[in-house]
Amino acid sequence: MYDLNSNPQPRRSGWLPKVVVAVALVVALVVGATLGSTVWHNATALANSSAAPGPTPLKLVDSSMLEDQTALAALYDQIAPSVVNISVEAVRDNAQLPQIPGFQLPQDTPNQPQRGEGSGWIFDNDGHIVTNNHVVEGATKVVVNFSNGYWADAEVVATDPQADLAVVKVTPPAGVDWKPLNLAQDDGLKVGHMVLAFGNPFGLENTMTTGIISALGRSFPTGSFGESRYSLPGVIQTDAAINPGNSGGPLVNISGELVGVNFAIESGSGSNSGVGFAIPVAIVKRVVPELIKGSQYKYAYLGLQGSTITPELATALGLETNKLGAYVTSVVPGSPAEKGGVKGGSETVTTPDGAELQKGGDIITAIEDQPVHSMEDLLAYMVTKATPGQNVTLTVLRDGAEQKVSVTLGERPTQPVATGQEQQQGKPGQINARAAIAIAEGAAKDKGLTGDITEKVATPDQADGKDVWVVELSTANQQATVTVDADSGDVISVDVK
């Protein structure tokens, strides 16, 4: 262990000064001999030719390296005032914390106060700061710490678990250099571009790391309480060092523009292994303005499950080589996809690796004439370009022939839904306890429940022959009992006292 407050002095020994003197004499002799040889050589050259050039000065650092160093220091000075440290007190059930790869979740007793911290950045001139949902989830107290040492209490305006984004608001203290970050263009990044990650890794404030974009277009499972019902598309992969505490901090380009929000790492140890992930600016631009309004971003919804076509999947489905697209495994009954005539698989086949899938579904190759080479392409269009109520044209391959299918997009459900295959298998209780609690919270708040919810209990029961969840919620002054249908997620009754 290192004591950062101490200043230990090295222990001296009798032989050390002698060795140092001896080494110094040897070095001096070698250098002297070299210099003497150089002087003699130069004197001889000058005697033979008065036009002979002098010795070339030794360059230890290339001028371009000095320019790069100066530019990075200037970028730090420009961006650092816009980056904040966020300290949080929260009451969380660890079973409901988001399962972010590489992050070690606290093992405290559930429903006991916990402390944590992350990063954030200044979004606008109205006091709004952006961070990750998982940084402030369940927060009972949020404090924003600025780069100059000042701080301010913050309120959580709104969160979006599906994008892992959140907005908090402060009254900027006098003396804080309030500088909103500029947002980059949606499609300006390329693999190999240099980026800088800012934040507070391990609580070490005002930290900057550098790296490159190592990949683009990754998809990442997200959702309320860590349930992977949907995937976040277009995720940025970088080798800039990102560690616990960097969550919510900005990833910027060399022009000082925000290109992403750091939110996860891939690591077996919980520390940086050169694979970090950031939420792309295209999603930030869509989601954050809605959160600032105090509302939720409305995601467009097709209502299907599918897979990117791989060599193994192509073999199992009997497809021609290199046929790219998103294969529709199943569609949700009553969904926009079903209403529009999208066809899911119906015949069970086994892939070479032993997995079962449904054969005979459509292969989506384009949406609104935008090529779909993978499931990630379809997801990216739905999240960053589509809106609920929009009519889109899907290009699909069905039984070897290309067809056009028109679908009016819906709004993404806020609770799990069962696919046709699951309904055919008669699986009961599609709504689990966590989802039931989330549904109950929304219903209770609509009926007047106010304040921080300090206790949440979900009990399985039956009502009128149906499986239900009876959810009890408690705040400092109120109690609510909400009955939720365990199959459909419908709210049957709400009682707030």
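## Salt bridges

Lys 293 and Glu 290 form a salt bridge, with their closest N and O atoms 3.3 Å apart. The term covers a side-chain nitrogen of Lys or Arg within 4 Å of a carboxyl oxygen of Asp or Glu. Lys 293 is exposed because its relative accessible area is 63%. Glu 290 counts as partly exposed, at 23% relative accessibility. Here buried means under 20% relative accessible area, exposed means over 50%, and partly exposed lies in between (1.4 Å probe, protein chains only). The model is predicted: local features need pLDDT of at least 70, side-chain atom pairs count only at pLDDT 80 or more, and totals for chains, interfaces and linings use all residues. Residues are numbered from 1 along each chain as its sequence is written, and side-chain values use heavy atoms, with hydrogens and water left out.

How many salt bridges does the rule give? The count comes to 6. One of them joins Asp 153 to Lys 141, with the closest N and O atoms 3.6 Å apart. Asp 153 lies in strand S5 (residues 151-160) and Lys 141 in strand S4 (residues 139-145), so this pair ties together parts 12 residues apart in sequence. Strands (E, at least two residues) and helices (H or I, at least four) are DSSP runs, numbered from the N terminus. Asp 153 is exposed at 52% relative accessibility. Lys 141 is partly exposed, at 37%. Asp 495 and Lys 497 also meet through their side chains in a salt bridge (3.9 Å, N to O). Asp 495 is partly exposed, with a relative accessible area of 37%. Lys 497 is exposed, at 67%. Side chains of opposite charge can pair when their charged atoms come close.

## The cavity

A search of the whole structure finds 1 cavity of 30 Å³ or more. On a 1 Å grid over the protein atoms alone, a cavity is a set of points where a 1.4 Å probe fits but cannot get out; a pocket is an open set with protein on both sides within 12 Å along at least five of seven lines; lining residues have an atom within 4 Å of a point. Points are joined across faces, edges and corners, and a volume is the space filled by probe spheres set on them. The largest cavity has a volume of about 40 Å³.

Which residues line the largest cavity? They are Val 83, Val 84, Asn 85, Asn 145, Phe 146, Ser 147, Gly 199, Asn 200, Glu 205 and Asn 206. Strand S1 (residues 83-91) gives the largest share of this lining, 3 residues. By class, the lining divides into 3 nonpolar, 6 polar and 1 charged. Ala, Val, Leu, Ile, Met, Phe, Trp, Tyr, Cys and Pro count as nonpolar, Asp, Glu, Lys and Arg as charged, and the others, Gly among them, as polar.

## The second largest pocket

The second largest pocket has a volume of about 830 Å³. Its lining takes in 32 residues, and Asp 186, Asp 187, Gly 234, Pro 280 and Ala 282 lie nearest the centre. The lining has 17 nonpolar, 9 polar and 6 charged residues.

Several elements each supply at least two lining residues: S9, strand S10 (230-238), strand S12 (257-265), helix H4 (281-292), strand S20 (370-371) and helix H7 (375-384). H7 gives the largest share, 5 residues.

Ile 212 sits in strand S9 (residues 207-222). Ile 212 is partly exposed, at 36% relative accessibility. With Met 194 and Ile 254, Ile 212 makes a nonpolar surface patch of about 250 Å². Patch residues have over 30% relative accessible area and no salt bridge; like charges are joined within 9 Å, and nonpolar side chains (Val, Leu, Ile, Met, Phe, Trp, Tyr) within 5 Å. Areas come from the Shrake-Rupley method with a 1.4 Å probe; for residues, only the protein chains shown count as cover.

Thr 222 also lies in strand S9. Is Thr 222 buried or exposed? Thr 222 is buried, with a relative accessible area of 9%. The C-alpha atoms of Thr 222 and Ala 163 are separated by 7.0 Å, while the two residues are 59 residues apart along the chain.

## Positive phi

Asn 206 is not a glycine, yet its phi is positive, near 60°. Asn 206 is in the loop between strand S8 (194-199) and S9. Asn 206 is partly exposed, at 34% relative accessible area.

Asp 399 has a positive phi of about 55° and is not a glycine either. Its place is in the loop between strand S21 (391-398) and strand S22 (401-408). Asp 399 counts as exposed, at 71% relative accessibility.
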